[in-house]
Amino acid sequence: MKYPGLLITLCVSQISLFAQKFDQVWVVGNENQTFDTTYGGGILDFNFNPPKASYHYREQNMFTTNSSICDTAGDLLFYTNGCVIAGADDEVLENGDNINPGSSHTLWCVTYKDGYSGGIQSSLILPMPDTSNVFYLFHKRTLIFSNPLTVLSDYLYYSRVDMNDGNSKGSVTAKNIVVMSDTLALGEMVATKHANGKDWWLITSRKNSNTFYIFKFTRNGIVDTFQQTIGILPDTQSEGLGQMVFSPDGSKLYRTCRYKPVMVYSFDREAGLFTQFDTIHFEYGNQLIGEIGCAVSPNNRFLYLSCRKSLYQLDVSAPDISASQTKVAEWDGFANPFPTMFWQCQLGPDCKIYIVAGGDTRYYHVIHNPDDPGLACNVEQRGVNFQTPTGGSMPSFPNYRLGPINNPGVPCTATVSVSQPVLPIPDKRVWVYPNPAKDILSIDYQGIGDFGGQFLVFNAQGQTVRGVTLPSNQGVVQLSLIGLPDGVYWYSVPGLKAGKVLIQH
């Protein structure tokens, strides 16, 4: 290849232009009781490559309720532990106290100061469509009943944070506003973009139920609410121990719980409804049965199931998905002081999947190449080492980068720029069509120089997958796309122009 360094620069630059870095900083860890690095919290910062795990003192303890949001440049704006909403300086925002009011708040936030235990995926931050620096925090309140012992959520709230208000630090302009009152599942709240690429669908389920609430979130707030019953019932003893996740393209929702097959729901991003239900049976193996997390690879092909002692991969494009089950990692026995097994998963902005290694451990596991089959996905146990315990805490993020149906974009970038991007020179002398493309891509160019140039097509990992020479100063050249999987690709004429093209055969 003639221009390897320039190709990587173009790849990073273009991805930086189109990416939304709302999920660039993850806030984790326990509060500092002793003012040393035994406790005190941590930060996982994806503005560095590889992401930087560092000690960060804060008073707020992070537990299962955990959400954070950055601005479009990747700088932390605010976060919540389910008790308060705090800014990047760890000061509680104006009107940001007393989130999720009630007896559970008193127990976890005031008495024990542990952070709110609403279950994983019990809070989610979405940017308000068609606005700048206004965000909605959706969060669930938890109730505990002692006889018999029962845990449930009774309210879905929203709190609105305006970063344009409050002496530039932002303020909470609406708090604990009821969206839905019902007997709701513990956690299990996810979101995906509407087909228009700007509005959102917010989804959660009723307790121990196959009934879902589907909310449409626009610049006018929640404007539509649907209720849909589909599929099988989850295991009644597993609530709060599983995970729901959308595929990056928003077409599938996967739901896991103990003793049940994976539940798969096809989703219509235009209508906001589930259109089909299926299950994927898989073998747990000889292991402890407990929390079951899940994640989907950036290319939407591989489903990962984290099952305490084992981590599995399934190829959802295979004719027999169950038969494709592959164990890609098994707990190696490490404990310090607790076993570092596999639980909640989250796709990172760097196209790697991160997995909580258990309660008060100091580690995340990492799947470095989740788009690759089998052991080639490259699992590194304890690939992220924090200075303090994580508290079993990890934020949950939707795919903020998902675009409209006809131009979905890429959910993450394999390389993250840590310096000012070098932008390609704008040049309108190259036209690429059709877009979306099927089997043939046409490159119409003129005035690119007497010696012509090269037209290169590469995937999100920066790997060249097609190329053709532009032999003269001007002309029209056709490039075959046959054999390339459907998806979004980047193209460049080095030094002149770069862009992206959607391939749909």
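I numbered the bonded cysteines in sequence order and found the pairing 1-2, 3-4. A disulfide here is a pair of cysteine sulfur atoms within 2.5 Å. I was working on a predicted model, in which local features need pLDDT of at least 70 and side-chain atom pairs count only at pLDDT 80 or more, while totals for chains, interfaces and linings use all residues. Residues are numbered from 1 along each chain as its sequence is written, and side-chain values use heavy atoms, with hydrogens and water left out.

**Entry 1. Disulfides**

I searched the whole structure and got 2 disulfides. One is formed by C83 and C109, with the sulfur atoms 1.9 Å apart. I read -80 degrees about its S-S bond, and the link of C83 and C109 is left-handed. This pair links distant parts of the chain, 26 residues apart: C83 sits in the loop between strand 5 (76-80) and strand 6 (85-87), and C109 in helix 2. For these elements I used DSSP runs numbered from the N terminus, with helices as H or I of at least four residues and strands as E of at least two. C83 and C109 are both buried; I take buried as under 20% relative accessible area, exposed as over 50% and partly exposed as in between, with a 1.4 Å probe and protein chains only.

The other disulfide I noted joins C351 to C412, S to S 2.2 Å. Its S-S torsion is about 100 degrees, so the disulfide of C351 and C412 is right-handed. This pair also links distant parts of the chain, 61 residues apart, with C351 in the loop between strand 22 (345-347) and strand 23 (353-356) and C412 in the loop between strand 25 and strand 26. I found C351 and C412 buried.

I then checked C294, which is in no disulfide; the nearest cysteine sulfur is that of C345, 6.8 Å away. C294 counts as buried at 0% relative accessibility.

**Entry 2. Helix 2**

I listed the buried residues of helix 2 (residues 103-111): S104, H105, W108 and C109. Seen down the helix axis they fall within an arc of 95 degrees, so they line one face of helix 2. The arc is taken over the directions from the helix axis to the C-beta atoms. As a reminder, an α-helix has 3.6 residues a turn, so residues three or four places apart point the same way. On the face turned away from the buried side I found the exposed residues S103 and T111. Strand 8 (134-146) is included in what covers the buried residues of helix 2, contact meaning heavy atoms within 4.5 Å. After helix 2 comes K113, with a positive phi near 55 degrees.

I found an open sheet of 3 strands in the order 1-2-3, with antiparallel pairing. Strand 1 (25-28) and strand 3 (52-55) are its edge strands, each pairing on one side only. Strands count as paired if DSSP finds at least two bridges between them. Strand 1 pairs with strand 2 (residues 42-45) over 4 bridges in the antiparallel sense, and V25 stands opposite D45 in strand 2.

I also looked at G41, whose backbone oxygen lies 3.2 Å from a polar atom of the T388 side chain. T388 is in the loop between strand 25 (379-385) and strand 26 (430-433), and T388 is buried at a relative accessible area of 3%.

**Entry 3. Strands 4 and 5**

Both faces of strand 4 (residues 67-70) are covered, with S67 and I69 buried on one side and S68 and C70 on the other. For C70 I noted a relative accessible area of 0%. Strand 4 runs antiparallel to strand 5 and is joined to it by 4 bridges, with S67 opposite T80. The two strands form a hairpin with 5 residues between them, and G74 in the turn has a positive phi of about 95 degrees.

I counted 6 of the 7 residues of strand 16 (residues 262-268) as buried, so strand 16 is largely enclosed by the rest of the structure. Strand 15 (residues 252-255) pairs with strand 16 over 4 bridges, antiparallel, and R255 stands opposite M263. Their hairpin has 6 residues between the strands, and Y259 in the turn has a positive phi of about 65 degrees. Strand 16 is joined to strand 17 (residues 273-280) by 7 bridges, again antiparallel, with S266 opposite Q276. This hairpin has 4 residues between its strands, and G272 in the turn has a positive phi of about 75 degrees.

Methods: A polar contact is a pair of N or O atoms within 3.5 Å; within protein, one must be able to donate a hydrogen and the other to accept it, and residues adjacent in sequence count only if both atoms are side-chain atoms.
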